[in-house]
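Work through these exercises with the structure open. Try each task before reading its solution.

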Amino acid sequence: MGTGTSRLLMGSGASLCAASFVIAIAACGADGAKPSSTPPDGGGGDTGVPADAGTMVEAGNPLDYLDKPLRDQVTALEKGVITSSGLTSGYLGRLATRDKGDGGVHAVIVTDPQAMAHASALDAERGKGALLQGAAIFVKDNIDTKGIATTAGSLAMANNVPSDDAYVVQRIRAAQGLVFAKTNLSEWANFRSTSPTSGWSSLGGQTFDGRNTGYDPCGSSSGSAAGVAAGLASAALGTETNGSIVCPSSVNGVVGFKPTVGLVSRAGVIPISASQDTVGPITRTVGDAARMLSVISGPDANDPATQNIPQGMSLDFEAPLANATLKGKRLGVVVAFDFGTDVMNVFNAAIAKMQAAGAVIVNPVALDTSSWEQNELTMLLTEFKVGINAYLAAHPVPGQPTTLADLIAFDQAHASTVMPYFGQELFTQAQATTGLSDSTYVTAKQAAQQATRGGIDGAVSANNLDALVSPTFDPAWAIDYTTGDPSTLHGDEGPPAVAGYPHLTMPMGQVNGLPVGISFFGTAWHDAQMLALGYAFEQLPP
């Protein structure tokens with residue numbers, strides 16, 4: 001969409017052999033602990049386990065908790081109302097009936113075959129205030145997981161089994177979360193072709209919309225968003241370079257949060273752009289997103305961008321929710337994304353609700369939505385070549401490509417299976433770039449960031465705003481492998497993505513029965529503010 005580089009960046013899915021998947025369950029230390037208000041739950045397990053399996057005695061029925069918010073699950077898990085074993089078993093049953101086969105969502109590439117054993121181990125650790133106690137977490141398959149292949153959805157990476165977890169996965173485990181499964185994504189996070197079909201990868205096949213499998217799930221965090229929407233996990237991790245969290249979250253009717261770049265480590269994530277990549281949560285509620293962000297955020301010596309986190313910035317994103325309100329908050333409406341009447345009718349109704357709750361609406365607010373697109377593409381192409389070559393060098397596997405040039409050659413040699421629907425134009429364009437010292441790249445990066453950061457900063461400052469708001473994306477669309485994703489789709493993901501600024505999307509209603517989301521985005525490091533505004537909106541009556 002747009003240039004074909006944005007909106008679908010970072011994702012994966014397929015049926016991998018998981019025999020070597022080894023998960024070390026880390027005890028919850030200071031990093032994973034939280035005050036007594038923390039909710040518990042989670043799971044993970046072998047796909048052959050029926051939904052009602054489990055041997056531990058529970059005061060409640062875990063099946064009644066499968067669709068509850070993660071925070072409610074964790075509370076029940078901590079109190080022993082349900083067990084992680086029971087919750088995990090329930091999700092495994094749903095995977096068998098909702099994810100697999102004809103008509104399934106096809107969100108998951110692989111589950112941990114030892115998930116039930118790990119869930120039982122987590123049940124023995126309950127009661128310590130762990131933020132994710134026993135919750136079943138999906139992880140996008142471009143995020144390293146120790147002992148299981150991390151593939152970006154590409155057959156070229158089928159044997160890429162990392163020896164270490166990505167930093168964010170370490171944080172999930174430290175908070176006693178269960179890394180339950182890896183999710184499919186748009187291959188190479190939609191940074192292979194200029195005309196891709198979102199949610200498709202050569203390794204994982206096609207993921208479908210989690211609310212209506214007759215539609216595309218957007219991407220590139222397709223499986224993560226569709227899986228949460230279909231009630232297959234407690235929560236999920238996605239990644240975004242430009243739209244890959246917020247677009248699939250919007251069209252699947254769930255909450256997605258793209259943090260300020262640098263708030264969450266990218267170490268151990270298959271890269272596209274050091275300037276724009278980030279990991280973020282996809283959840284049922286804004287409160288769950290705040291919980292997940294509290295777990296995964298913070299400085300990491302292996303990602304220099306995290307050293308930019310402001311000194312003294314609180315990384316507890318749940319605490320501000322207690323006093324969240326729309327009263328007196330100034331929200332600037334961005335209409336320049338040119339959404340159609342149907343979407344704008346739903347959006348205007350949401351704006352009216354917030355105004356009735358005391359928000360001050362500034363409408364319209366001008367914003368540059370596109371002048372920077374070509375400069376962004378130049379930046380992404382250059383950074384991708386540098387980043388993917390470094391990742392491949394750090395993950396040597398016999399027979400696996402070691403450079404972008406090798407990946408291109410692999411795709412050409414296996415074109416019938418890797419490129420049956422679309423090509424690798426972005427790969428070849430990236431291969432032609434000449435590095436981070438190239439003056440064309442330096443100039444393009446500076447121009448793109450100045451336009452987007454200056455635009456958002458200027459709009460917020462000039463109007464004394466707490467956030468900018470707009471519809472997130474058009475409703476889901478029909479899958480068409482002949483044309484790829486429609487070029488006429490509308491979305492607001494570009495400016496905050498290129499700026500590296502926080503962006504929250506959450507459900508605001510439906511158009512013709514399909515979900516559409518509303519966005520809150522703003523200036524750097526105001527992540528807690530965006531979440532609090534979204535939380536306050538979420539509390540409003542229908």
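Predicted model: local features only at pLDDT ≥ 70, side-chain atom pairs only at ≥ 80, totals over all residues.

**Exercise 1.** Classify the ring pair of Trp-188 and Phe-427, and locate both residues.

*Solution.* Start with the total: the structure holds 10 aromatic pairs. For Trp-188 and Phe-427, the centres are 5.7 Å apart and the planes make an angle of 65°. Planes over 60 degrees apart count as edge-to-face, so this pair is edge-to-face. Next, locate the partners. Trp-188 lies in the loop between β3 (178-183) and β4 (200-201), and Phe-427 in helix α12 (residues 425-431). They are 239 residues apart, so the pair links distant parts of the chain. Both Trp-188 and Phe-427 are buried. Finally, look around them: Trp-188, Phe-191, Phe-384 and Phe-427 form one aromatic cluster.

**Exercise 2.** Classify the ring pair of Phe-473 and Trp-477.

*Solution.* The ring centres lie 6.0 Å apart, with the planes at 45°. Stacked needs under 30 degrees and edge-to-face over 60.

**Exercise 3.** Which ring does the charged end of Lys-68 sit over?

*Solution.* Go to Tyr-65. The charged end of Lys-68 sits over the ring of Tyr-65, 5.4 Å from the ring centre.

**Exercise 4.** Is Ser-221 buried or exposed, and what lies 2.9 Å from a polar atom of its side chain?

*Solution.* First, find Ser-221 in the loop between β5 (205-206) and α5 (222-229). Its relative accessible area is 0%, so Ser-221 is buried. Then check the side chain: the backbone oxygen of Ser-244 lies 2.9 Å from a polar atom there.

Note on methods. Residues numbered from 1 in each chain as written. Heavy atoms only, no water. Phe/Tyr/Trp six-rings, centres within 6.5 Å; stacked < 30°, edge-to-face > 60°. Helix = DSSP H or I, 4+ residues; strand = E, 2+ residues; numbered from the N terminus. Buried < 20%, exposed > 50% of the residue type's maximum accessible area, 1.4 Å probe, protein only. Lys NZ or Arg CZ within 6 Å of the ring centre and 35° of its normal. Polar contact = N/O pair within 3.5 Å; in protein donor to acceptor, adjacent residues only side chain to side chain.
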